Amino acid sequence: MDRIRIVGGNRLNGTIPISGAKNAALPLMIAGLLSDETLILDNVPRLADVAQLQRILGNHGVDIMSAGKRSGDQQYQGQTLHISAADVIDTTAPYELVSRMRASFWVIAPLLARMHEAKVSLPGGCAIGTRPVDLLIMALERLGAEIAIDGGYVIAKAPGGLKGADIEFPKVTVSGTHVALMAATLAKGTTIISNAACEPEISDVAECLNKMGARVSGAGTPRIVIEGVTKLHGARHAVLPDRIETGTYAMAVTMTGGDVQLSGARPELLQSALDVLTQAGAIITPNNAGIRVARNGAGVGPVNVSTAPFPGFPTDLQAQLMALMACASGCSQITETIFENRFMHVQELARFGARISLDGETATIDGIAKLRGAPVMATDLRASVSLVIAGLAAEGETMVNRVYHLDRGFERLEEKLSGCGASIQRISD
Ligand code: EPZ
């Protein structure tokens, strides 16, 4: 199993290209199931989760062609996928495939909308909480689906097709919003989603669906209106830049010191995180090519932050911020309000000497002057990268074990960081 070795202490200077967003690419690929024509997606990141979803879609009969490199392509440019679901040959998504990645459960929406039936295994994914699917099922039932759970599978049927409905989510859910949105595009009549998630990845999917002929308005606000259509057609869409990757590298620079241009990043996708970093002492300058992040070497200031749905501070940057606060000049508090069990990085950060205590959903971090490198274990995707950024700032050597989590969500992490002067290598045993 691969490991990552880091010798900390180098400042980061240079340019890091930001990849397409994993959490937009996955639902966009799934949206390809809604049409019998080809959906072309540009700027798709090369990630283990994308490859896994290709296998899952392949099992339904979807043909996915990855366009080769063209002259003039940049080293880090994302791939172009041609997704063609002309014949859906199987409406079952089996346990062996779905249990590895939670987002693959979302195939239930296009299968039900277009084929009027789906049998999908209950999902797996990162161990960051219980992560139920009750709200996704509620949304599909509102749209007229009959749903049964049997043998670990959700079996959904809508013999006469789905019907538009009012769907009000009792709590903000990204997965629930994606599923309701995709399913409603082919339902008869109008659907109104209230208390919808406003994450930029939802807007990106809605924009792509509209290019495919859907009639969606209000995406990016808590009220989305969808006028159902009978058919969607092919389209071409580029995946938006990854705001979590952007925030992660911005935190790494704030922690190590240095001056890095995050090329292709869009500040409006993570304003709340950039504000927190400014408060902590980073100098953030949006420019034409992306976002420049610099820190002049003065100590990192402590901050108090609660995670919240967009436009609040994202839960997917909570672990990275905790690594940063581990060497702030004072005491910080971070409260996790989205997932109840997303603190597995705390015990690993303690191996670097970090002083963190937990009380329910709040972590109190007593900053220390210097972290010290240590062998650590990656647990989930974002927790893993928090260990990498702690290692970059720590004195001495850090070995991050079990890095397959990182490969699920960070494209060429060690290349991007070593290109800016970090001492970081992958060791394959
Ligand atoms: C998405 O997960 C992201 N995944 C997560 O990123 C991200 O952390 C999360 O949104 C929050 O921003 C993808 O986009 C693939 P939710 P999702 O539905 O959609 C509860 C990463 O590291 N809930 O918004 O699964 C749920 O338990 C991943 O890239 C129900 O109670 O999150 C949680 O407490 C990790 N019932 C809250 O809602 C349901 O039916 C928000 O979950 C569904 C959700």
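Lys416 is buried in this predicted model, with a relative accessible area of 2%. Its salt-bridge partner is Glu245, and the closest N and O atoms of the two side chains are 2.7 Å apart. Lys416 belongs to helix 14 (residues 413-418) and Glu245 to helix 8 (residues 243-256), so this contact ties together parts of the chain that are 171 residues apart in sequence. Glu245 is likewise buried, at a relative accessible area of 2%. Because buried means under 20% relative accessible area, Lys416 falls in that class with its 2%, and Glu245 does so with 2% as well.

**Salt bridges**

A search of the whole structure finds 16 salt bridges. Three of them are set out below, including the pair already described.

| Pair | Closest N and O atoms |
|---|---|
| Lys416 and Glu245 | 2.7 Å |
| Asp2 and Arg426 | 2.9 Å |
| Glu348 and Arg351 | 3.0 Å |

Asp2 and Arg426 form a salt bridge, with the closest N and O atoms 2.9 Å apart. This pair links distant parts of the chain: Asp2 lies in the segment before strand 1 (3-7), whereas Arg426 lies in strand 24 (residues 423-427), 424 residues apart. Asp2 counts as partly exposed at 25% relative accessibility, and Arg426 is also partly exposed, with a relative accessible area of 26%.

In the bridge between Glu348 and Arg351, the acidic residue Glu348 is buried at a relative accessible area of 3%.

**Cavity and pocket**

Rolling a probe the size of a water molecule over the atoms shows where empty space is left. The structure holds 1 cavity of 30 Å³ or more, and the largest cavity has a volume of about 30 Å³. Glu245, the partner of Lys416, is one of the residues that line this cavity. The rest of the lining consists of Ser19, Gly20, Pro45, Leu47, Asp242, Gly409, Phe410 and Glu411. By class, the lining comprises 3 nonpolar, 3 polar and 3 charged residues.

The second largest pocket has a volume of about 300 Å³. Its lining is made up of 18 residues, of which Met255, Thr256, Arg295, Ala369 and Lys370 lie nearest the centre of the pocket. Helix 8 and helix 12 (381-393) each contribute at least two residues to this lining. The lining residues of the second largest pocket divide into 8 nonpolar, 7 polar and 3 charged.

Strands of a sheet pair through backbone hydrogen bonds, either parallel or antiparallel. An open sheet of 4 strands in this model has the order 4-5-3-14, and its pairing is mixed. Strand 4 (63-66) and strand 14 (235-238) stand at the edges; each has a single partner strand, so one side of each is left without a neighbour in the sheet. From one strand to the next, the twist averages 20°.

Within this sheet, strand 3 (residues 38-44) and strand 5 (residues 79-84) run antiparallel and are joined by 5 bridges. Ile40 stands opposite His82 in strand 5.

Notes. Residues numbered from 1 in each chain as written. Predicted model: local features only at pLDDT ≥ 70, side-chain atom pairs only at ≥ 80, totals over all residues. Heavy atoms only, no water. Salt bridge = Lys/Arg side-chain N within 4 Å of Asp/Glu carboxyl O. Buried < 20%, exposed > 50% of the residue type's maximum accessible area, 1.4 Å probe, protein only. 1 Å grid on protein atoms, 1.4 Å probe; cavity = no way out; pocket = protein on both sides within 12 Å on 5 of 7 lines; lining within 4 Å. Points joined across faces, edges and corners; volume = space filled by probe spheres on them. Nonpolar A, V, L, I, M, F, W, Y, C, P; charged D, E, K, R; others polar. Pairing = 2+ DSSP bridges. Axes fitted to C-alpha atoms, helices over the stretch in contact; angles between N-to-C directions.
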